There are 2 protein chains.
Amino acid sequence: MNKQQILRNRPVGVPDEKTWELIETEIPEVGDGEMLIRNKFISMDPAMRGWINDARSYIPPVKLDDVMRAGAVGEVMESKNDKFKKGDFVFGMGGVQQYKLTDGKGFYKVDPSMAPLETYTGTIGMPGMTAYFGLLDVGELKEGDVVLVSGAAGAVGSVVGQIAKIKNCTVIGIAGGPQKCNYIKKELGFDHAIDYKNENVRRKIHEYCPDGIDVYFDNVGGDILDHALTALKKKARVVICGAISQYNSTDGMKGPSNYMSLLVNGAKMEGFVIFHFADRYSEALQALGRWVAEGKIKTEETVIEGIENFRDTFLKLFSGDKRGKLVLKV
Amino acid sequence: MNKQQILRNRPVGVPDEKTWELIETEIPEVGDGEMLIRNKFISMDPAMRGWINDARSYIPPVKLDDVMRAGAVGEVMESKNDKFKKGDFVFGMGGVQQYKLTDGKGFYKVDPSMAPLETYTGTIGMPGMTAYFGLLDVGELKEGDVVLVSGAAGAVGSVVGQIAKIKNCTVIGIAGGPQKCNYIKKELGFDHAIDYKNENVRRKIHEYCPDGIDVYFDNVGGDILDHALTALKKKARVVICGAISQYNSTDGMKGPSNYMSLLVNGAKMEGFVIFHFADRYSEALQALGRWVAEGKIKTEETVIEGIENFRDTFLKLFSGDKRGKLVLKV
């Protein structure tokens, strides 16, 4: 049987017990050109909150009564598809379920000998590539830049900071709590950490970036984005990668009141989603894999076990109760 | 004697009778390297509202008890400066006064035989150059783009729309009232006009741009910016030139709540001020002068007479009670 988390209701604010339902269905038959994947690790991403809103976005919303959408690493159990064979490990949109039947579109192979499987949901996967393209392309990173990143202990932010260090930048991370701040400074090599739960973020940004910020990589939105906008250098780049502080808001998004700083400084604010760079995934995955292998990027996953714990795990994305990439082990 | 408008108090919200004071002082003596200019037309610009706030910006605020800062076209009355001679007409930061003594820094000559003097405060001056660099450089305009511009009947917006038409774009302007809308459609050749005082702006944007906007040139901020953000095409460019709806606000700026549209569409929002392009003024002035001479850009000025009417004239910038460039005749 195939355990699946089904979207039953679109939540207002924080998803509750009525949002998803765990059901069991028959494992489907493999047809011509198809393969059956057993999911091993399901990728837990803040973007999933957006996918269950009934709103026009970069991909269609998950339909009611469909399996919840998620990236996943799995093992091919049976294949009638020329490109994949039994025993291959693959990443793709496997969904929050035990088994995925697919024609292989959007799936690619991963190498379990190079890195632990769960790393392919994180640093050598979508979050890593998000950091890579967001920082280097959208953020137009240059050697020596002053880089500020929020959500700095998370799956994307931790890689952003480490790539910026590889590129000889000064890196300041914003994270919640002394433990995470210690982690990004001591273990990941950030120059400074700002604890948004216990420090005056705006004052600390100006203290650590007395001449301003070249690149602000924003994962959180809200007040922290506004604080960062007060410290832009001329020609600064603000990368809009996410707004996790706003996703569960019930009274609308908070816009950045200080956006006129873009005018004063001739600066830009640019958004992206990883799908815009689909034709360059292999470039990013190779670079990330090499940096991980060389020990230049440290990866960390918080692994929770059990598909029945999906909702509780999902909520950890927003409570901040995790470090690095959050993964659900099937 | 030299009549001058002096900044006496920094206003909260709309400037009142205590903001400026009209005084008379002696006309100063011309020293070595200096020249004395008699101002003819003073340029009235929304940006002046920002210059009197006590806030860090792209130029220092006007100091209390100083002459109010303003661009102005004037005639050189006496010169001990090698670059200018008596009878030259010049543009520069002449201030809200009858006479300006200067070493010539930041002043350049204008040709009264090519266009009326007041045009050099508008289309062939700062506002025209603002439109030129904002649309072509910041907005990265391409032939055939769908261009939306707010403040479309104003000094900058009217030129933005006309340059976009020269570049074979589809142009939609947002302006206040049927008279202005008629003006930009019938006289300036915009494809569509949206009357924000009488029409549903968001619905009209989607009606006139069914496939979305490539470039949104924003002069107003507030709700209109938010409406425009709902209609971005992939890779759209939002040019932040001003936020006139917010300048007199007493409860802070409204940030654009819909800024996550930048993420969904891989779009950018970029600000600028004309001073960032100081090394390319002559390029822009030549192009603008040529388009005006060829009749491809129509210019209009609303001229109010009398330096004593400065504050009332200033307020017209925000009440919308003018068309094209607002100028104070000395």
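Two strands pair if DSSP finds at least two bridges between them. Strands are DSSP runs of E with at least two residues, helices are runs of H or I with at least four, and both are numbered from the N terminus. By that rule, A:Glu270 stands opposite B:Lys268 in S13(B).

This is a predicted model, in which local features need pLDDT of at least 70 and side-chain atom pairs count only at pLDDT 80 or more, while totals for chains, interfaces and linings use all residues. Residues are numbered from 1 along each chain as its sequence is written, and chains are lettered from A and ligands numbered from 1 in the order in which they are written.

**Interface and symmetry**

24 residues of chain A are in contact with 24 residues of chain B (C-beta atoms, placed from the backbone, within 7 Å). On the chain A side, helix H7 (261-264) and strand S13 (268-271) each supply at least two residues. S13(A) gives the most, with four residues. That side divides into 14 nonpolar, seven polar and three charged residues. Here Ala, Val, Leu, Ile, Met, Phe, Trp, Tyr, Cys and Pro count as nonpolar, Asp, Glu, Lys and Arg as charged, and the others, Gly among them, as polar.

A rotation of 180° with 0.0 Å of shift along its axis superposes chain A on chain B, with RMSD 0.0 Å. In chain A, the C-alpha of A:Gly255 is nearest the axis, 2.1 Å from it. The copies meet through the same surface, because 100% of the interface residues of chain A are also interface residues in chain B.

**The shared sheet**

Twelve strands form an open sheet with mixed pairing, in the order S10(A)-S9(A)-S8(A)-S11(A)-S12(A)-S13(A)-S13(B)-S12(B)-S11(B)-S8(B)-S9(B)-S10(B). S10 (192-195) of chain A and S10 (192-195) of chain B stand at the edges, each with a single partner strand, so one side of each lacks a neighbour in the sheet.

**Helix packing in chain B**

Helix H2 (residues 126-138) and helix H3 (residues 157-166) of chain B pack at an angle of about 50°, with axes 8 Å apart. Axes are lines fitted to C-alpha atoms, for helices over the stretch in contact, and angles run from 0 to 180 degrees between N-to-C directions. That makes H2(B) oblique to H3(B) (under 35 degrees is roughly parallel, over 145 roughly antiparallel, 65 to 115 roughly perpendicular, the rest oblique). The contact residues divide into eight nonpolar, two polar and no charged.

Technical notes:
Contact = placed C-beta atoms within 7 Å. Least-squares fit on C-alpha atoms with pLDDT ≥ 70 in both.
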